[in-house]
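Visitor: I would like to learn how to read a protein model at the level of strands, helices and side chains. Could we go through one together?

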Amino acid sequence: MIPATREEVWVALRNPEILQECIEGCEEMTALDTNEYEALVRVKLGPVRAKFRSIIRMLNVVVPESYTLAVNARGGNAGFGIGQAQVSLIPNEAGTTLSYEVTGTVSGKLAQLGSRLFLSVANKMASSFFTKFCARWDTSQLA
């Protein structure tokens, strides 16, 4: 639940500066095109620490209602991950409900760590992102 209009949330979710600020460990976020971004994110998964260079594409875009994120993340020796997230924004009396469903796979050292650890870290990162993202409106810092 985000205390802002659907249009405000849509704009913020496409702003590289806001995304970089809200993604834990994100060192760079660059818009490559209208619906494509490149990110550099430092992640710790159990004993493995890695920098992931990711290409993030927005597909099936329905402004300002929904889109699919396709992510291709490469972490050198740590391995790589491929994922998708279906994101929907639903207006309501209190603001906007953001819902998402994520699927993905990993390989390399990441896969050796086990899916339970990977899912735990992914859930923690998602929770951190939405906490920081929602706090932008609570403190009226939205650019």
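Visitor: Which residues of α1 are buried?

Guide: First, some ground rules: this is a predicted model, where local features need pLDDT of at least 70 and side-chain atom pairs count only at pLDDT 80 or more, while totals for chains, interfaces and linings use all residues. Residues are numbered from 1 along each chain as its sequence is written, and side-chain values use heavy atoms, with hydrogens and water left out. Buried means under 20% relative accessible area, exposed over 50%, and partly exposed in between (1.4 Å probe, protein chains only). Helices (H or I, at least four residues) and strands (E, at least two) are DSSP runs, numbered from the N terminus. In α1, the buried residues are R6, V9, W10, A12 and L13. They span an arc of only 165 degrees around the axis, so they lie on the same side of α1; the arc is taken from the directions that run from the helix axis to the C-beta atoms.

Visitor: How should I read the sheet, and what is the order of its strands?

Guide: Strands of a sheet pair through backbone hydrogen bonds, either parallel or antiparallel. Here two strands pair if DSSP finds at least two bridges between them. This open sheet has 6 strands in the order β1-β2-β3-β4-β5-β6, with antiparallel pairing. At its edges are β1 (26–33) and β6 (95–107), each pairing on one side only. On average, neighbouring strands are turned by 25 degrees against each other, direction ignored; axes are lines fitted to C-alpha atoms, for helices over the stretch in contact, and angles run from 0 to 180 degrees between N-to-C directions.

Visitor: Which strands does helix α1 touch?

Guide: Contact means heavy atoms within 4.5 Å. Helix α1 (residues 6–13) packs on the sheet and touches β3, β4, β5 and β6, and its direction makes about 160 degrees with that of β5.

Visitor: How many bridges join β2 to β3?

Guide: There are 10 bridges between β2 (residues 36–45) and β3 (residues 48–62), which run antiparallel. E36 stands opposite R57 in β3. The two strands form a hairpin with 2 residues between them, and G46 in the turn has a positive phi of about 60 degrees. On to the next pair: 8 bridges join β3 to β4 (residues 66–74), again antiparallel, in a hairpin with 3 residues between the strands. There, M58 stands opposite L69 in β4.

Visitor: What is S54 in contact with, leaving aside its neighbours within four places in sequence?

Guide: S54 is found in strand β3 and is buried, with a relative accessible area of 7%. Its contacts beyond those neighbours are Y37, E38, A39, V71, N72 and A73.

Visitor: How many aromatic pairs are there?

Guide: Rings of Phe, Tyr and Trp (its six-membered ring) pair if their centres lie within 6.5 Å; planes under 30 degrees apart count as stacked, over 60 as edge-to-face and the rest as tilted. The count comes to 5 aromatic pairs. One of them, W10 with Y67, is edge-to-face, at 5.4 Å centre to centre and 75 degrees between the planes. This pair links distant parts of the chain, with W10 in helix α1 and Y67 in strand β4, 57 residues apart. W10 is buried at 7% relative accessibility, and Y67 is buried at 3%.
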